[in-house]
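Below is a briefing on one protein chain, grouped by topic. Please read it alongside the sequence and the model.

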Amino acid sequence: MWGETVKSFLEIALELTVLFVVISFAISLLQGVIPYEKIEKMISGKNKVWGAAAAIVFAFVTPFCSCSTIPVVVNMLKKKLPFGIVMIFLFASPVLDPTILTIMGVVLGWKVAFIYTVITTIFSISIGFLLEAFGFEKYVKNVMMTGFNEEEKKFSMKGAWKETVDLMRSVYPYLIIGAAIGAVIHGLVPTEWISSFFGRDHWWLIPIAAIVGVPLYIRLSSMIPISQILIMKGMALGPVMAMMISSAGASLPEVVLLKSIFKKQLVMTFVLSVITMSTVSGFIFYFV
């Protein structure tokens, strides 16, 4: 049994390592030709449609986790960018990581990755504009930020490799942790048990998974290999995706950081919005 677990871990870890290095290097090269200045102009412009689209693109091409998104959000607020557009970026950035989305497509299927991208994009835009429409901008604290540098992206093989190495230092350990947890589930947890208690008939697991995902702080990179094994074992896709979105979109460390720049009303609304997005998304995947 343990031999099967170790074998499963090595197979998953090797697959994820190859995918991660190749994909992150390719994306790092592509980032060198992205016109960041044009994107920023679109974000700060008066056209809200183009601004929302630019915020999503900016979220997609900046592979940040939920915590490292906060300094960028503070910088955007300092530049007096439209509040709704900033909120769109805040919601979208942690869940629209191009490297992880590509790995998701390879591991869980391109249909899952596509639906996930569409759902999180629509919800991020909708919630961002709703928060602006209901006047939640008044709950932003007057925070001054120092030490933030916006580095100019340059197209080079050396630079792309450096970004790949940096990304591996910050993200790769979570992939391996996820691979280890997935291997243990694969080798030690009976398929019948997972399919019986977490199968498709248990629709009520979706909102529970969305709520549980926030304090767990399971990185999106860790959830993918775990999700692959759970789905193979018979767990329904709905609760898996609900937990994946909530843990990536509103982790406990991020909420703590948000308290330093947002008043409690906006922090609570942010968490409830992510849980709502996760729950609705889970039900969409439930019926896919």
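Among contacts in the chain between residues at least 6 apart in sequence, 86% join residues at least 24 apart, where contact means heavy atoms within 4.5 Å. This is a predicted model, in which local features need pLDDT of at least 70 and side-chain atom pairs count only at pLDDT 80 or more, while totals for chains, interfaces and linings use all residues. Residues are numbered from 1 along each chain as its sequence is written, and side-chain values use heavy atoms, with hydrogens and water left out.

**Overall make-up**

- The chain has 14 helices and zero strands; helices (H or I, at least four residues) and strands (E, at least two) are DSSP runs, numbered from the N terminus.
- Of the 288 residues in the chain, 50% are buried; buried means under 20% relative accessible area, exposed over 50%, and partly exposed in between, with a 1.4 Å probe and protein chains only.
- The chain exposes about 14000 Å², and carbon and sulfur atoms supply 70% of that area; accessible areas come from the Shrake-Rupley method with a 1.4 Å probe, and for residues only the protein chains shown count as cover.

- Helix α6 spans residues 98-108 and is mostly covered, with nine of its eleven residues buried.
- The buried residues of α6 include Pro 98, Thr 99, Leu 101 and Gly 105.
- α6 packs against helix α11 (residues 220-233) at an angle of about 10°, with the axes 10 Å apart; axes are lines fitted to C-alpha atoms, for helices over the stretch in contact, and angles run from 0 to 180 degrees between N-to-C directions.
- The two helices α6 and α11 are therefore roughly parallel to each other, a label for angles under 35 degrees, with over 145 counted as roughly antiparallel, 65 to 115 as roughly perpendicular and the rest as oblique.
- On the α6 side, Ile 100, Ile 103, Met 104, Val 107 and Leu 108 take part, and they meet Leu 220, Ser 221, Ile 224, Ser 227, Gln 228 and Ile 231 in α11.

**Salt bridge**

- A search of the whole structure finds one salt bridge, meaning a side-chain nitrogen of Lys or Arg within 4 Å of a carboxyl oxygen of Asp or Glu.
- The partners are Lys 48 and Glu 132, whose closest N and O atoms are 3.2 Å apart.
- Lys 48 lies in helix α3 (residues 48-61) and Glu 132 in helix α7 (residues 110-133), so the pair ties together parts that are 84 residues apart in sequence.
- Glu 132 is partly exposed, at a relative accessible area of 22%.

**Surface patch**

- Trp 203, Trp 204, Ile 208 and Val 212 make a nonpolar surface patch of about 390 Å²; patches are made of residues with over 30% relative accessible area and no salt bridge, with like charges joined within 9 Å and nonpolar side chains (Val, Leu, Ile, Met, Phe, Trp, Tyr) within 5 Å.
- Trp 203 lies in the loop between α9 (191-198) and α10 (205-216), and Trp 203 is partly exposed, with a relative accessible area of 48%.

**Single residues**

- Glu 11 lies in helix α1 (residues 2-31) and is partly exposed, with a relative accessible area of 48%.
- The C-alpha atoms of Glu 11 and Ala 183 are separated by 9.1 Å, although these residues are 172 apart along the chain.
- Thr 269, in helix α14 (residues 264-286), counts as buried at 19% relative accessibility.
- Not counting residues up to four places away in sequence, Thr 269 touches Leu 131 and Phe 136.
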